[in-house]
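Hi,

Here is the structure you were waiting for. Please open it alongside this note, and see my findings below.

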Amino acid sequence: MKKLVAGILTGVLALSLAACGKSEEKLVIGAANTPHAEILEKAEPLLEKEGIKLEIERYQDFVLPNKDLANKDLDANFFQHVPYLELQNKQNGYDFVNVGGVHVEPIGIYSKKYKKLEDLPEGATILLSNSVSDHGRMLSLLEAKGLITLKEGVDKTAAEIKDITKNPKNLKFDANTAPEMLVQMYKNDEGDAVLINSNFAIDAGISPGKDAIALEDKESDYVNVIVVRKEDENNEKIKKLVKVLHSKEIQDYILKEWNGDIVPVSE
């Protein structure tokens, strides 16, 4: 009888430990609403097969996800591109690393007043994000479309408004709006043109491919990445997450769901 009871207790203990072990395979990741959190939701069942329960925390801004990662409230986050990550590390002393790119969100120029860039008048007001890490990207797009010229030799990813050397139409630049508020400025018909990150545009029901009067080249350096603390760079759960996000199923989902407005990458 004692052996039987001991055996039962051993079995119960083993099951309890197994259950505890399983619950410990939770991965908490902070993400922007669109498309980041939606992509992660699609990845959830695939990760479950790998023994990992994905818990997604949604964010509406570009500051808190990194603060919460630094405070260890998150295991990883997914909302930012590489230049923004590098700037955040430099400005805040974060020791974060990029463990894998997932997609590119081509940035767009939108206008309620004009249907083509060429129609922008002399002295038109262009609204930009107040996030300095976005300026290089936005100004590079304006340069690529022939509206401005940037200082020769300047690092395009770090370019600022002061680096503009030629501005034939004497465009005025207003960089006082938070990135997430640019959609509302566009809807309110503020300014003559507004540059908006695609995640905010799509989240508001705006299609970059259809609604933008100009769109960034899809061969962009601004890949949205999975970010973790340096100490977790080789964490097996993180590696499994990245592997799933690079899978054909997820890559195909991104292409189909956003009709090319969001472009998957697998590096």
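Is α5 largely enclosed by the rest of the structure or largely open, and how many of its residues are buried? Of its 13 residues, 10 are buried, so the rest of the structure largely encloses it. Buried here means under 20% relative accessible area, exposed means over 50%, and partly exposed lies in between (1.4 Å probe, protein chains only).

Before the details, a caution. This is a predicted model, so local features need pLDDT of at least 70 and side-chain atom pairs count only at pLDDT 80 or more, while totals for chains, interfaces and linings use all residues. Residues are numbered from 1 along each chain as its sequence is written, and side-chain values use heavy atoms, with hydrogens and water left out.

Helix α5

Helix α5 covers residues 132-144. Helices (H or I, at least four residues) and strands (E, at least two) are DSSP runs, numbered from the N terminus. The expected span of a helix is 1.5 Å times one less than its number of residues. Just after α5, G146 takes a positive phi of about 85°.

Salt bridges

The structure holds 12 salt bridges. The cut-off: a side-chain nitrogen of Lys or Arg within 4 Å of a carboxyl oxygen of Asp or Glu.

- K156 and E143: their closest N and O atoms are 2.8 Å apart. K156 sits in the loop between β7 (149-150) and β8 (164-166), and E143 in helix α5, so the pair ties together parts that are 13 residues apart in sequence. K156 is partly exposed, at 36% relative accessible area.

- D252 and K248: this salt bridge is 2.6 Å, N to O. The two residues are four apart in helix α10 (residues 248-258), which separates them by about one helical turn. An α-helix has 3.6 residues a turn, so residues three or four places apart point the same way. D252 is partly exposed at 36%, whereas K248 is exposed at 61%.

- R229 and E231: the closest N and O atoms are 4.0 Å apart. R229 is buried, with a relative accessible area of 9%, but E231 is exposed at 55%. Both belong to a network of salt bridges that also links K72 and D232.

Best wishes
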